[in-house]
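Trainee: I would like a close look at one part of this protein, the charged side chains and their pairing.

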Amino acid sequence: MKTRRWVRLLAAGLVAALALGGCGRSATNNEQTSNRNYDLYIYNGKPQIADQLEELCSIYEQETGVRIKTLTLDEPDALRTEMNSSAPPAILTTYTDTMIEWQEGGFLLDFKDAQTEAFRQLAETVPQDMRLSTDGSNSYGIPYSIEGYGLVVDTDMLADLFGADGNAVAKDLQLASYEEFEAMVKAVDAYVNQGQAAQITLNGTAYQLQAEKQGLAKNLLGVFAVAGSETWTYGDHLVNAAICSVFNNVVDANLVSREDVDKLDGPMQRYAQLLDLMTSYAVSKDGKISRGGDFVSSTINGYDQSVQNFASGKALFLQQGNWAYNDLVSANADLADSLTFVPLKFPYQEGDVTAEGKTVEQLNSSIPVFAPCYYSINTQVSKEEQKLAEEFLVWMNTSETGRDFIENKFSFIPYDAGEDAVVSNSLNASILEYKAEGNVLSNPYTGAPPTWASKVMGNMMLEEYLCREGSWTQEDYQHIAQEAVKGWKNLMDLY
């Protein structure tokens, strides 16, 4: 595997710091352990579950006598400080795109080396494409949960638009081709702005727009609520959905050759075409807008405004994930039970799809589903505390109490959720439906060189295209793809 130079240097610095600052730690470890007021230390990177995690740990202490200290901070530097302290956490939060820092520094336990059979069995339940791994053979994390994203749509809005079962329309939208989807976008735009009630086809089924605007459809101002100032929406997430046509998972993208990077040319052109479509039919708080300087103003098209536009029924689609559910329902409680996902669809051409086992149809009927972060075990603590960490993670993920907290108190979807899982909201339920059907993609963009998705792609699209007046051309699509490939290769040379 090509080692990333910045990670090597950072990991080396961490090792040196520990060697200098922690030399006396091993000699006095037993004394420090006996004097402290806890048995197991957990560093949690998810602030939204801080209180619930503490409550869960209190219950665990009552059941087992194991005293647990928790610290919750979503700050990489804070974690580095704790890892370099004389009493580092035994369990830490890691992410796909940052765990290499700790893995190459020798801090993360490879789960095949775990002390307990129960924990090794738990680690085996993590799906291969969801594992925190550098090469596919090792495994360093138990997922907190799974998340997913796509185009959020209100099935009640679909029912008012077409006078049909909104869930049936949504299902045919899931399976529709890009060409059918594009035709729908243009038909809805003409319906909203010119009153033209056309017939469309989705997955081979004909649907007729209502002759007169009914119910929720009266609120529509356009098709897409776009967070134009949030480069992560199109620099990370939209890019990721496109490169799933070339790479099946993070490991594939991490082990890529320069020749493999060339395969991104076609998919990145299709990425540009889809982003062109979405931003050409975007809405602001007052109506349809054109690309240009005002398009990316955070007061018009930031995350909050895009959520508000969708929640108020001004737009039909919102590209977001299940993490937006609480914000959507806070803005409009009537959405609670009627939200679902539609896949991001790309106009793939022959030869674009090279990922093993993937087809155009499967890609365009699937949504990315992935683990946002993981629990890892620190090899720098005592074997005793490592064993306590294994036992706690097994209990949390397998006991009735632990599962109840994950599903209900944390409001997470467990990574191993089955078809009978009970989830707390309609977007979570939609993710489980895609998962049960096998229509899920991974998150290979986190295996790309650092900053490629967020900076090379996100900043380029923001500065060179979304801020630019006028329409995009085929030459623009080709230029975007060329810059994407060149940027990836340049970063490979750096890292």
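How many residues apart in helix H10 are Lys186 and Glu182?

Mentor: This is a predicted model, in which local features need pLDDT of at least 70, side-chain atom pairs count only at pLDDT 80 or more, and totals for chains, interfaces and linings use all residues. Residues are numbered from 1 along each chain as its sequence is written, and side-chain values use heavy atoms, with hydrogens and water left out.

Lys186 and Glu182 are 4 residues apart in helix H10 (residues 178-194), so about one helical turn separates them; helices are DSSP runs of H or I with at least four residues, numbered from the N terminus. Their side chains form a salt bridge at 3.5 Å, N to O, where the term means a side-chain nitrogen of Lys or Arg within 4 Å of a carboxyl oxygen of Asp or Glu. Lys186 is partly exposed at 41% relative accessibility, and Glu182 is partly exposed at 24%. Buried means under 20% relative accessible area, exposed over 50% and partly exposed in between, with a 1.4 Å probe and protein chains only.

Arg403 and Glu407 are likewise 4 residues apart, in helix H20 (residues 400-409). Their closest N and O atoms are 3.8 Å apart in a salt bridge, and both residues are buried.

Glu101 pairs with Arg80 at 2.8 Å. Glu101 is buried at 3% relative accessible area, whereas Arg80 is partly exposed at 23%. In total, the protein has 20 salt bridges.

Technical notes
Helix = DSSP H or I, 4+ residues; strand = E, 2+ residues; numbered from the N terminus.
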